[in-house]
Amino acid sequence: MISLLTPTHWKDYELIDCGDFEKLERFGNLVLSRPEPQAVWKKTLSDQEWKKQTHIRFKGRSATSGEWIKNSVKLPDRWNVEYANNDVTINLRLGLTSFKHVGVFPEQAVNWDYISSSIKKFKTPVPKVLNLFAYTGAASLIAKAAGADTTHVDSIKQVVNWANENQELSKLKDVRWVVEDALKFVKRELKRGKKYNGIILDPPAFGHGPNGEKWKLEDHIQEMMLEVVQLLDEQEHFLILNTYSLGFSSVIVENLIKTSFPQVKNLETGELYLQATSGIKLPLGVFGKFNSF
């Protein structure tokens with residue numbers, strides 16, 4: 001069975017509507033309008049309603065950059081939101097970047113819940129968790145708050161600094177920050193004989209390491225999976241693979257996991273989406289996850 005999962009209890013986030021290659025979202029008290037390539041259908045709400053609700057909208061200048069246009073100069077460039085589930089609470093600093101992102105991918109809240117609940121089920125007193133392609137660190141902080149010894153790996157120093165800000169906001173400490181190419185780091189950890197109870201992968205379709213290493217999802221994900229599963233603790237473990245690529249299906253993710261880790265148990269695959277208040281669903285990537293219990 002292919003699962004369709006969406007966050008259900010995030011009070012500080014709401015997808016209001018999406019369509020015509022845009023999405024209308026509320027983060028805390030601010031409503032943003034920004035591009036969304038998956039939203040190929042027409043909007044449910046009227047253009048007038050979008051305009052009425054929007055505080056800040058993103059105007060693209062190119063495929064990768066643009067500018068934010070505010071309704072008022074008093075609106076902030078940075079603000080904070082909270083995420084809480086039954087196990088943990090974290091705080092995240094959001095910001096208006098020149099490439100339309102704000103520092104969090106809301107659909108990932110589904111995976112955050114899986115991370116914290118899995119860690120709470122471990123018998124290992126302080127399980128070790130590795131977050132690869134870790135961005136601004138929400139998953140790392142969830143793992144840390146749930147009691148894990150957490151290692152956060154991303155290739156962009158500014159993004160890791162942002163993650164550290166989120167750690168301070170969440171009143172957490174001692175996440176291990178690593179600025180490095182993810183695949184290189186995994187290979188080095190294997191040579192060191194390291195093991196992890198939890199591994200989180202959320203690779204981009206394209207990316208670059210700090211020394212110009214190139215990442216292309218379809219070219220490198222098989223190698224990454226074959227290497228990374230060797231880092232899993234044999235007794236207690238979980239792994240999440242999340243991909244946001246128009247060309248990837250959950251069946252591809254299922255095949256990747258099964259061929260890389262034939263002894264897999266409790267495998268679940270499917271699609272993450274955001275449920276808009278207007279009634280429409282916005283698909284935002286496919287996932288595969290499994291655990292040992």
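Predicted model: local features only at pLDDT ≥ 70, side-chain atom pairs only at ≥ 80, totals over all residues.

Residues are numbered from 1 along each chain as its sequence is written, and side-chain values use heavy atoms, with hydrogens and water left out.

**Whole chain**
- The protein chain holds seven helices and 17 strands, these being DSSP runs (helices H or I, at least four residues; strands E, at least two) numbered from the N terminus.
- Of its 293 residues, 51% count as buried, where buried means under 20% relative accessible area with a 1.4 Å probe, protein chains only.
- The C-alpha atoms fill a box of roughly 55 × 40 × 40 Å along the principal axes.

**An open sheet**
- Five strands form an open sheet of mixed pairing in the order β2-β3-β4-β5-β6, where two strands pair if DSSP finds at least two bridges between them.
- The edge strands, β2 (13-19) and β6 (66-70), each pair on one side only.
- Strands β4 (residues 30-35) and β5 (residues 56-60) run parallel and are joined by two bridges; Ser 33 has Arg 57 in β5 as its bridge partner.

**His 237**
- His 237 lies in the loop between α6 (217-228) and β15 (238-243), and counts as buried because its relative accessibility is 8%.
- Its contacts (heavy atoms within 4.5 Å), leaving aside neighbours within four places in sequence, include Phe 122, Asn 197 and Phe 293.

Key: Buried < 20%, exposed > 50% of the residue type's maximum accessible area, 1.4 Å probe, protein only.
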